[in-house]
Amino acid sequence: MDNLLLIVVGVAVILAVSYAVFNYLCVKKVEEGTERMGEIAGAVRIGANAFIRYEYKLVAIIGSVIAVAVFLAISWQAAIAFVIGAVLSASAGWVGMKIATYANVRVTNRARVTGDLGKTLKIAFKGGSVMGLCVAGFALLGVIIVYCVFGLAAGQIADIQANTVGKNFITGLPASFTMTLSGYALGCSIIAMFNRVGGGIYTKAADMGADLVGKTEAHIPEDDPRNPATIADNVGDNVGDVAGLGSDLLESYVGSVLAAVMLACELFMHNAFTDTLFLQKMLLFPMVFAGCGLLACIIGISYVLIKPRLSENVHMELNIATWISAGVTVAAGAVLSYFMFKDVPAAVFKAQDVGFKVGAFSPWLAAVCGIIAGILIGIISEYYTSYDYKPTKDIAKSSKEGPALTITQGLATGMISCMLPVVVLAIAIFGSYQIAGMYGIACASFGMLSFVAATVSVDTYGPISDNAGGIAEMSGLDPSVREITDKLDSVGNTTAAIGKGFAIGSAAFAALSLMTSYLYAFTGQGGYAFALDLLQPLTLCGALCGAALPFLFSGMLIKAVAKAARKMVEEVRRQFREITGLMEGETMPDYKTCIQISSQGALKEMRVPCIMCILFPLVTGFVFGPMFVAGVLIGATMSAIMLAVFSGNSGGAWDNAKKYIEAGGVEGETKGSAAHDASVVGDTVGDPLKDTVGPSLDILIKIMSTVSLVAVVVFSKYNLFDALGLI
């Protein structure tokens, strides 16, 4: 059975990474275009490289401290796994950023030379596919390394089967395979949090500064070369919407797959079932299913890249690629589930806390619940964010009455959009639980992200297209070029909202699975019962504090963006005021100062919120004990889901309402009109919501759950309230 893992997942990883390298080289071979286009792209590339280097230096310091702490308090295996996760997550972000800075100008040039939307889409999607394939490939590569080295070679799985789990050499507490897997997931989460938060602050500070002064005050076009913040804005697209996205989705993918593996370990260690062969199958299934999903994504991605001529309907072409990936994943999953579980005795399926109701097909059906839920959430997100539908059109029309009503209508749309996705999640959670117990919920989580390589490819093409439009504007190309890139970018906004829906949905499933593993991790230590009683005062207090935490976290991020954006606005105004000939186009602006403002603002402001989400469960755990932290996790998960859906959908709707006006959708209103100015204000309000707050919240859920799972073996035994006799 282990050979099956190595063959299926190993082949999938090799093919995915090889395909990514091939697409990377193909993109680089494409002509950059004019000398001016090359200069602008070079400036964006230099700015993005500089920021990512500074950010990774900071993260390396913080990561080293965490690795030492994990080594001392948990196990050396978990510490090494943490480093592996951090390196692979950082690599995914770096590769994505790198290809985006090469692909952007080539997309512009393809639009300039051919004037063909389909041919331009191919270059943008080819660049995005490098990111998608690397995210899934690197994630599964790390899973294979951790499973084979620590699970098999170091004997941690055998220790679980023999009930001889090792202990930490300092604390004397259990150091199981679950802790090693948690270390790997934590490494991925740390990088994802810093990349998402740092990149989000950077890109939105530059974007807001460029829009507020350039569009609404100076009334110059978006990405006009006279605007000093344009280069910083384009750099931000790469470090926030590409590098941040890559690390974010890799972390979500890893968390979803490993949540099922860890839960299987905990179920076995706590005698929910005793069949060691069944344990092995439960450990392998999530990883092999993910490998099948990656192979399916290679097929789906190839549809767009190999098809001789793509239609003008960009959205349809991208949807077909996603549907192919999902369909092949579902079919392969059915075969896999039957093959792996067909020989398991019926009595094992009915064991306590396992509950496989549909026999060998139970884990597959549970995963399908997640896939269906993800697709439905994506459709709902599309309805609320695309300007093809009424909600976004209504926001655009409300802009005729000014920015106040634009913002009010957008807030209403975002709030209303929370209900249906949550209902879908609730039904999927209940359905997957009925099919395969708590393990089924974990299956739904990795099922939702099983074709992540395709969704990330579609998602990443958006920022690449956005950058391409900026280069077209700054290079003074024919307006028809910008029209092509704007069409691609508009679809990118909707696909981004859909991708964020998948991420937050999978985070909800994974958080529940990790919660179960968390409760199991300290069952029997100190006499705690395996239950989460919200009427118990300590747990209820934790839930209340946890529910408030995402709002505190979001407020800190928005404040950080506003602080950096304020400096950007002041600098742009200063340059317009003081640089002679700038507005006439006779003198070039000082792009470098704006890049420095965004970089310094992001690097300074990201530290506190990122460190807070790591320390909060630790500090409260060592003071109040594990049941308080359990309450914190459930409260934070509930409020973060709502807040993330609201942020992503409202921000996406505001952005596309602006684009709807620019496309002539509102009669009598065009760029530069009062209604357009109002829509720009709405878009500016939504920017930090959709690109900083929303994506960071799903990481917040999982990083807190993972930190708690890693540390619970320590603070369940050593905490202040327990020492004082208050528990």
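Helices (H or I, at least four residues) and strands (E, at least two) are DSSP runs, numbered from the N terminus. The structure on display is a predicted model, in which local features need pLDDT of at least 70 and side-chain atom pairs count only at pLDDT 80 or more, while totals for chains, interfaces and linings use all residues. Residues are numbered from 1 along each chain as its sequence is written, and side-chain values use heavy atoms, with hydrogens and water left out.

**Stop 1: helix α4**

Please select residues 117-153, which form helix α4. The expected span of a helix is 1.5 Å times one less than its number of residues.

Next, select Asp-116, which caps the N-terminal end of α4. One of its side-chain oxygens lies 2.9 Å from the backbone nitrogen of Gly-118.

**Stop 2: helices α11 and α20**

Select residues 362-385 (α11) together with residues 626-662 (α20). Two packed helices are described by the angle between their axes and the distance between the axes. In this pair the axes come within 8 Å and cross at roughly 40°, which makes α11 oblique to α20. Axes are lines fitted to C-alpha atoms, for helices over the stretch in contact, and angles run from 0 to 180 degrees between N-to-C directions. Angles under 35 degrees count as roughly parallel, over 145 as roughly antiparallel, 65 to 115 as roughly perpendicular and the rest as oblique.

Which residues make the contact between α11 and α20? From α11 they are Ser-381, Tyr-384 and Thr-385, and from α20 they are Gly-648, Asn-649, Gly-652, Ala-653 and Asn-656. Contact means heavy atoms within 4.5 Å. The residues of this contact comprise 2 nonpolar, 6 polar and no charged. In this division Ala, Val, Leu, Ile, Met, Phe, Trp, Tyr, Cys and Pro count as nonpolar, Asp, Glu, Lys and Arg as charged, and the others, Gly among them, as polar.

Of the 24 residues of α11, 19 are buried, so this helix is largely enclosed by the rest of the structure.

**Stop 3: individual residues**

Select Ile-201 in helix α6 (residues 177-215). Ile-201 counts as buried, at 0% relative accessibility. Not counting residues up to four places away in sequence, Ile-201 touches Ala-560, Val-561, Gly-601, Ala-602, Glu-605, Met-606 and Thr-692.

Asp-248 is found in helix α7 (residues 230-269). Is Asp-248 buried or exposed? Its relative accessible area is 1%, so Asp-248 is buried. With residues up to four places away in sequence left out, Asp-248 touches Ala-192, Arg-196, Pro-695, Asp-698 and Ile-699.

Finish at Ser-302 in helix α8 (residues 276-306). The side chain of Ser-302 makes a polar contact with the side chain of Tyr-19, at 3.0 Å. A polar contact is a pair of N or O atoms within 3.5 Å; within protein, one must be able to donate a hydrogen and the other to accept it, and residues adjacent in sequence count only if both atoms are side-chain atoms.

Technical notes: Buried means under 20% relative accessible area, exposed over 50%, partly exposed in between (1.4 Å probe, protein chains only).
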